[in-house]
Amino acid sequence: MTDRPHSALLTVDTHIDIPWPDRGDFTQDTDYRHVDLPKLRRGGIAAACLVAYVGQGATDPATHAAISRQALAMLDAINRGVEGGPARICPLAADIEAAFHEDITAIVPAVENGYAMGEDLSLLAQFRARGARYMTLTHNGHNALADSARPMAALNDPEIRHGGLSGLGREAIAEMNRLGLMVDISHTARSTMMQAVRLSRSPVLATHSCVRALCDHPRNLDDEQLDALRDCDGVVHITAVDAFLRPREVRAQRPVSVADYVDHIDYVAARIGVRHVGISSDFDGGGTIEGWRDAAQSRSLTAELHRRGYDHDQIAAIWGGNFLRVLRAAEAIATA
């Protein structure tokens with residue numbers, strides 16, 4: 001295939017971690033980051049969600065305060081990072097589209113792990129003021145908002161802490177809806193996810209998850225969860241973490257590839273429709289597969305989607321249109 005079809009796509013990678021502490025190197029062509037601005041542009045990625053990720057730890061007030069300060073500092077670093085390059089912060093769907101037409105790389109900040117807000121709902125508005133457009137409710141380990149798909153023995157987690165969302169978690173979702181922060185259910189327990197779908201007034205999304213029917217991992221979504229995403233008009237963005245794409249016995253025999261990745265897209269499209277599947281890498285947070293080792297290789301996904309018979313409109317929806325639809329729905333709820 002030629003480069004033209006990929007270049008015509010408004011492509012969105014919905015989950016990319018940033019290094020921390022910040023190195024001030026986002027606009028440089030580094031040999032140690034999977035994602036920087038030159039790689040995004042070589043790979044034809046129009047928009048990238050850069051996340052302020054905080055790992056789960058203790059839930060006492062002092063630790064919560066320290067983690068919240070870190071998350072805010074990380075969002076500030078994301079905002080600073082676009083300086084000096086053909087990129088800008090784009091918190092709205094219309095901003096992303098305008099940047100694409102101007103050949104400017106759109107950067108969408110986000111927060112991974114509701115632990116970042118501790119028990120202080122006012123921090124959600126501070127995240128939003130720094131351009132954040134979604135928050136992942138949990139990471140590995142339960143937090144004050146909700147149960148995680150992966151309780152952590154090192155944190156003395158019980159198998160179930162809240163039975164899904166806590167009371168604070170329910171308040172957080174209401175506040176996120178009010179602010180236009182999309183609710184990301186990647187990493188959450190099944191109970192948390194299903195409750196969030198019912199509670200959120202705007203569609204929820206999984207910004208970096210895979211299909212449990214193809215790889216039985218607690219981080220992946222089962223068929224009922226996929227159906228719930230369809231019913232709320234949400235999206236699951238398949239992620240390039242090999243352990244979520246293929247079981248251990250397969251990975252022991254061969255590298256996980258772009259073909260394995262697109263198998264997950266095929267499964268979601270067949271079960272709940274092309275409207276409900278998207279793309280994420282989780283680069284610099286564990287994502288990397290054969291054929292998609294960094295952002296510069298992103299055209300390989302488009303080539304595989306073409307090979308499997310997806311047409312241009314379907315690929316455009318998968319690569320970014322579905323994410324923009326959910327973002328617009330969140331914006332509409334916030335201003336209603």
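**Exercise 1. Sort the residues that line the largest pocket of this predicted model into nonpolar, polar and charged.**

Solution. Start with the lining as a whole: 20 residues surround the largest pocket. Next, sort them by class, which gives 7 nonpolar, 7 polar and 6 charged residues. Now look toward the middle of the pocket, where Ser148, Ala149, Ala189, Arg190 and Ser191 lie nearest the centre.

**Exercise 2. Describe the second largest pocket: what is its volume, and which elements give two or more residues to its lining?**

Solution. First, the volume is about 200 Å³. Then turn to the lining, which is made of 14 residues. Those nearest the centre are Gly44, Ile45, Ala46, Phe100 and Asp103. Two or more lining residues come from each of the helices α1 (4-7) and α2 (37-42).

**Exercise 3. Work out how helix α5 packs against helix α6: at what angle, and is the crossing left-handed or right-handed?**

Solution. Begin by finding the two helices in the model, α5 at residues 122-129 and α6 at residues 167-179. Their axes are 10 Å apart and meet at an angle of about 30 degrees. The crossing of α5 and α6 is right-handed. Next, pick out the contact residues: α5 supplies Leu124, Ala125 and Arg128, while α6 supplies Ala172, Glu175, Met176 and Leu179. Sorting this contact by class leaves 5 nonpolar residues, 2 charged ones and no polar ones.

Conventions:
Residues numbered from 1 in each chain as written. Predicted model: local features only at pLDDT ≥ 70, side-chain atom pairs only at ≥ 80, totals over all residues. Heavy atoms only, no water. Axes fitted to C-alpha atoms, helices over the stretch in contact; angles between N-to-C directions. Helix = DSSP H or I, 4+ residues; strand = E, 2+ residues; numbered from the N terminus. Left-handed = near helix turned anticlockwise from the far one by under 90°. Contact = heavy atoms within 4.5 Å. Nonpolar A, V, L, I, M, F, W, Y, C, P; charged D, E, K, R; others polar. 1 Å grid on protein atoms, 1.4 Å probe; cavity = no way out; pocket = protein on both sides within 12 Å on 5 of 7 lines; lining within 4 Å. Points joined across faces, edges and corners; volume = space filled by probe spheres on them.
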